[in-house]
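Subject: the model, plus some notes

Hi,

Here is the structure I promised to send over.

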Amino acid sequence: MHVPPFSLSEQLQQLGDALDQAVLEVLRSGQYIGGSTISGFEAAFAEACGVPHAIGCNSGTDALVLALRALGIGAGDEVITSSFSFFATAEAISAVGATPVFVDVDPYTYLIDPEGIEAAITPATRALMPVHLFGRPVDMERIMAIATAHGLRVIEDCAQASGASWAGRPVGGWGDAGCFSFFPTKNLGAAGDGGMVVCQDAALAQRIRELAVHGMPRRYLHTDLGYNSRLDAMQAAVLMVKLPHLANWVERRRAIAERYQRELAGLPGLVPAAPGPEGHSWNQFVVRVPRCPAATSACGGRCTPAADSASYGLPEACCRDWLKQQLQEAGVTTIIYYPIPIHRQPAYAALGYGPGSLPITERLCAEVLSLPIFPELSAEQQDSVIAAVRSLVGAEAVVA
């Protein structure tokens with residue numbers, strides 16, 4: 001049995017008729033940019049996030065850029081964020097002329113360390129950008145307390161966290177702005193790129209909306225240099241069909257994650273993802289594969305260091321990479337999120353973060369491996385994943 005890391009085939013089969021009808025209605029309407037399809041989805045998504053305003057845009061990356069620009073963050077400003085994230089988190093900060101300041105993460109949650117945030121604040125700090133990584137929500141009560149104490153803006157990177165919440169409140173609605181991605185592999189995915197910014201403040205929402213259409217408050221009047229960043233009606237129609245199913249899909253992800261935790265607990269060569277708070281939406285289920293002495297490792301010393309380890313000054317990832325390859329040969333496809341942290345990427349070499357500057361982040365990048373998780377993952381498929389992992393790193397696989 002082959003088990004993919006993610007699949008839309010069953011979802012498309014279940015929702016096929018509704019998706020076909022929604023897309024056909026948009027095609028026949030002739031209104032592909034703006035209009036009631038867009039405004040209807042924006043209103044529905046805002047309600048789901050518990051906020052009054054939602055502005056569709058071209059991608060999750062654009063959502064971050066638009067939020068930063070609308071909040072007046074630019075050249076000379078610093079924004080504190082996590083390096084253990086997709087590159088777009090920092091790229092958006094740089095795109096508006098500001099400087100990303102990277103803080104290490106908690107080894108248990110993989111999320112930005114609040115104590116590190118406090119230590120990184122300088123007179124140039126203007127904002128915090130917490131990342132709700134893999135669907136696990138950051139402690140937003142603590143983040144907002146830090147921001148309030150220092151007069152900072154908060155932009156939530158919710159790209160992987162549709163359907164997640166902290167203390168019963170949806171992510172995205174805690175900070176000044178929340179930025180979502182509708183990339184097809186997200187919990188709420190479009191049929192292409194798409195993004196959304198949500199916020200509480202009407203003036204900020206209007207500013208974001210204008211920036212998304214060339215800095216244009218009304219047709220052919222341009223008061224600022226903006227962007228061409230709109231969510232098109234076709235994507236909104238697809239997302240509108242899917243949105244009512246999001247809560248059930250997240251519950252299914254939670255059940256899959258709980259079973260992984262139960263069945264993979266106690267294996268000598270594996271650290272399963274921590275349970276997380278009630279509002280975890282499990283966009284990914286990530287395990288850690290620590291490097292262990294060859295004499296007692298499942299690989300028996302047959303693994304070799306990854307090229308990224310030497311090239312980018314990272315800890316060796318040999319055991320993790322060995323397990324990934326072995327699982328692939330057993331029919332289980334896994335993904336590494338992320339092999340190279342942002343602060344060690346060549347694009348940010350000028351910032352001067354040397355090897356070991358964020359030790360927990362760097363260690364995680366050498367150890368993490370994402371197992372297959374999506375709402376339609378069958379019990380049989382999960383059985384296959386669990387059996388394969390246990391056979392490779394379980395007690396019975398340890399080399400004496």
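Below is what turned up, beginning with the sheet and ending with a pair of helices.

Some ground rules before that. This is a predicted model, where local features need pLDDT of at least 70 and side-chain atom pairs count only at pLDDT 80 or more, while totals for chains, interfaces and linings use all residues. Residues are numbered from 1 along each chain as its sequence is written, and side-chain values use heavy atoms, with hydrogens and water left out.

The sheet

Look for an open sheet of 7 strands, in the order β1-β9-β8-β5-β4-β2-β3, with mixed pairing. Strands (E, at least two residues) and helices (H or I, at least four) are DSSP runs numbered from the N terminus, and two strands pair if DSSP finds at least two bridges between them. At the edges sit β1 (53-57) and β3 (99-103), each of which pairs on one side only. On average, neighbouring strands are turned by 25° against each other, direction ignored. For angles like this, axes are lines fitted to C-alpha atoms (for helices, over the stretch in contact), and angles run from 0 to 180 degrees between N-to-C directions.

Two helices go with this sheet. Helix α3 (residues 60-70) packs on the sheet and touches β1, β2 (78-82), β4 (125-129), β5 (153-157), β8 and β9; contact here means heavy atoms within 4.5 Å. The direction of α3 makes about 165° with that of β8. Helix α4 (residues 88-95) lies across β2, β3, β4 and β5, and runs at about 150° to β3.

β8 and β9

Strands β8 (residues 177-181) and β9 (residues 195-199) run antiparallel and are joined by 4 bridges. Phe180 has Met196 as its bridge partner in β9, and Gly178 has Val198. β9 is also joined to β1 by 5 bridges, again running antiparallel, and there Ala54 has Val198 as its bridge partner. On the β5 side, β8 runs parallel to β5, with 3 bridges between them, and Asp157 stands opposite Cys179.

Lys186

In the model, Lys186 is in the loop between β8 and β9. Lys186 counts as buried because its relative accessibility is 15%. Leaving aside residues up to four places away in sequence, Lys186 touches Ala159, Gln160, Ser181 and Asn283.

Helix pairs

α3 also packs against helix α7 (residues 202-212), at an angle of about 120° and with the axes 9 Å apart. The two are therefore oblique to each other; under 35 degrees would count as roughly parallel, over 145 as roughly antiparallel and 65 to 115 as roughly perpendicular, with the rest oblique. Leu66, Arg69 and Ala70 in α3 meet Leu204, Arg207, Ile208, Leu211 and Ala212 in α7.

Finally, the axes of helix α2 (residues 36-49) and helix α8 (residues 233-242) come within 9 Å and cross at roughly 40°. That makes α2 oblique to α8. Thr37, Ile38, Gly40, Phe41 and Ala44 in α2 meet Ala233, Ala236, Ala237, Leu239 and Met240 in α8.

Cheers

Technical notes. Buried < 20%, exposed > 50% of the residue type's maximum accessible area, 1.4 Å probe, protein only.
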